[in-house]
Amino acid sequence: MSVRYRKERLDRGIKARCEDIFALSSYREMLYLLLPRVLPVIALLSLPLLKGVVGLYWEKVLVVTCAIALLALSWDLMASVGLVCLGQALFFGAGAYLTGFLNHSFGWPPFLTIPLGTLGGALFCTLLLLPVLRLRGIYFAIVTLTLPLLLARFIETTKILGGNVGMSGLSPLPGIWFELYVPVVALLICLFGFRRLINEDYGLVLQGIRDNDRAVMSGAINIYKLKAQAVFIAGVAGAFAGAFMTHYYQFVGMPAFALDYSILPLTCAVLGGVGSFAGPTLGAFILVPLSEILRAFGTLRVVFYSTILIICVVGLPEGIFHYIQRKYHQFERLVEVG
Amino acid sequence: MEDSTILTVERVSKSFGGVVAVDGVSFHLEKGELLGIIGPNGSGKTTLVNLITGFVRPDSGKVIYQGKEITGKMPYKIAELGIARTFQMVRPFYQLPAFKNLIIPLYSPRVKKLRGGKYGERDDMAVDLLEEVGFERDSFVPYKMAASLPHGYLKRLELARCLALRPDLLILDELFSGMSMSEVASTLPIIERLNEGGLSIIMVEHRLKELFRIANRVIVLNFGRKIADGPPHQVMKKEEVKAAYLGSEGET
Ligand SMILES: Nc1ncnc2c1ncn2[C@@H]1O[C@H](COP(=O)(O)OP(=O)(O)OP(=O)(O)O)[C@@H](O)[C@H]1O
Ligand SMILES: [Mg+2]
């Protein structure tokens, strides 16, 4: 007697039992659900441990990657409310400059300046964007694109906050483990925090504003208040990246408002997959190291970089994360028949 | 006298470019009244609703609700005061289950104040509301994705969205359009019951026969102007109304 097999999707048992409510019946199913969540956490947390293996240079890349990933998360959160932002550099710069200023002028230590710079920077950006929250789509995008450039020129011409020289000689961070683990942990908190937030009732309302703001308004909800709150939360993630990098570099200057900090997070989000938070993070962990590897090619770097980006975006318009997610749900196993 | 009037609209006008959509319309609504607004396509009914609910600012004129002027206030402020409206074009959140669509009004400060809505109870409240508008509770219907629901259900979902606010004034913009005969027949008693419970209702409708069964009074708009105001059958006898409806009679 021969045993016959047929293919069955791994998630079938889980999904068939009820449309959206998961009902688990075996360890295998539990593993199937937990693995994609636990593996990245373990991977991220163990990256700093490779310090001795890959060398300090790549650990520096890790820190930069985390900073860009935070900005990409910040971008994605704003996009979830329907605010298309082209100025994540505003958050980064505001956090960076406030932190630098507090350390430079008062000599406060990093464990005080970083939280203050994060919250203060986010608050500053929220207040700055408050008048333009009514703008939609491209108009909001243009304003956010110009604001960081405007602030940089303002600092340059008025020569405040160090002018175009910036502020250097800031306090260093208290040690290598602190340097490596703080950005990684912050990234994990933001990633899982944002994912949680967007699935709560609060998050549903935020997404409602993106999909149909008239329906939300007619539900007696002040959409401008909620948009401002979302900008503040996104601002905290972005400003933290700036605040941390200030002490990491022990320097803050006009590059903090550079266009790179606006464009790169956006590219990461689009490449990785908009709207999932995991996508933008994944995007950052591909793009930032990639651009470092391509440094070896000198000026050709931009050509390679752009080509890879275009191929990815054209080939996987849904984003890498959504693609992987779809494929993962389609995993099949062989089951005995009869 | 002020007490019994819930809504007063005073000579409101609005034009878009060259088109005068609403032209000096005045009317008032008593508490607990059910008023119909009728008129041919493009006569300004939806614009009038938008003027009352704050989605469009009037060029001139005043809207007074419960003794307070609300002209030009933000839509969410007006909704918070207790005016709920449906949209003619239903645009639910398709990727959410039907009952989750109601989370948005249930999240509002108004509902928190009225019902003390706590986290976790919102889902239950949402299912209760859907039952009120005729979603079978014990079926899967309330839990289905909005995208997979037929149009008639989406219209009633729109009604439930309004009821979630526990409004004092309900404005329905062509609730019946796109509903089947049987859906209309089952929705009519719901509206009647709400009205008997003391809720003031304004119904913009093209389905005159059904409207006249429950409305005590109708106003007729034509080219943005109010051309008649009174009990349905009296109004329909007017020459001006007959002329306005000539040609569009067939579709009702
Ligand atoms: N936002 C707008 N911009 C420009 N014109 C508009 C706008 N809204 C309405 N109009 C015009 O105002 C007039 C009245 O439109 P309205 O939608 O109020 O009519 P209606 O009575 O609701 O019609 P229907 O029965 O088809 O729903 C129409 O001529 C329409 O083209
Ligand atoms: Mg209309």
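## Contacts along chain B

Take the contacts in chain B (heavy atoms within 4.5 Å) between residues at least 6 apart in sequence: 66% of them join residues at least 24 apart. The model is predicted, so local features need pLDDT of at least 70, side-chain atom pairs count only at pLDDT 80 or more, and totals for chains, interfaces and linings use all residues. Residues are numbered from 1 along each chain as written, chains are lettered from A and ligands numbered from 1 in the order written, and side-chain values use heavy atoms, without hydrogens and water.

## Overall build

Chain B has ten helices and ten strands. These are DSSP runs, numbered from the N terminus: helices are H or I with at least four residues, strands are E with at least two. The radius of gyration is 18 Å, close to the 18 Å of the globule rule for 252 residues, so chain B is as compact as a globular protein of that length. The radius is taken over C-alpha atoms, and the rule is 2.2 Å times the number of residues to the power 0.38.

Of the 252 residues, 58% count as buried. Buried means under 20% relative accessible area, exposed over 50%, and partly exposed in between (1.4 Å probe, protein chains only).

## The magnesium ion

Which protein donors does the magnesium ion (ligand 2) have? They are B:T46 (OG1) and B:Q88 (OE1), 1.8 to 2.2 Å from the ion. Donors are N, O and S atoms within 2.8 Å of the metal (3.2 Å for Na, K and Ca); water is not among the atoms, so sites may look incomplete.

The two residues are 42 apart in the chain. B:T46 sits in helix α1 (residues 45-53). B:Q88 lies in the loop between β6 (83-85) and α3 (103-106). B:T46 is partly exposed, at 25% relative accessibility. B:Q88 is partly exposed too, at 31%.
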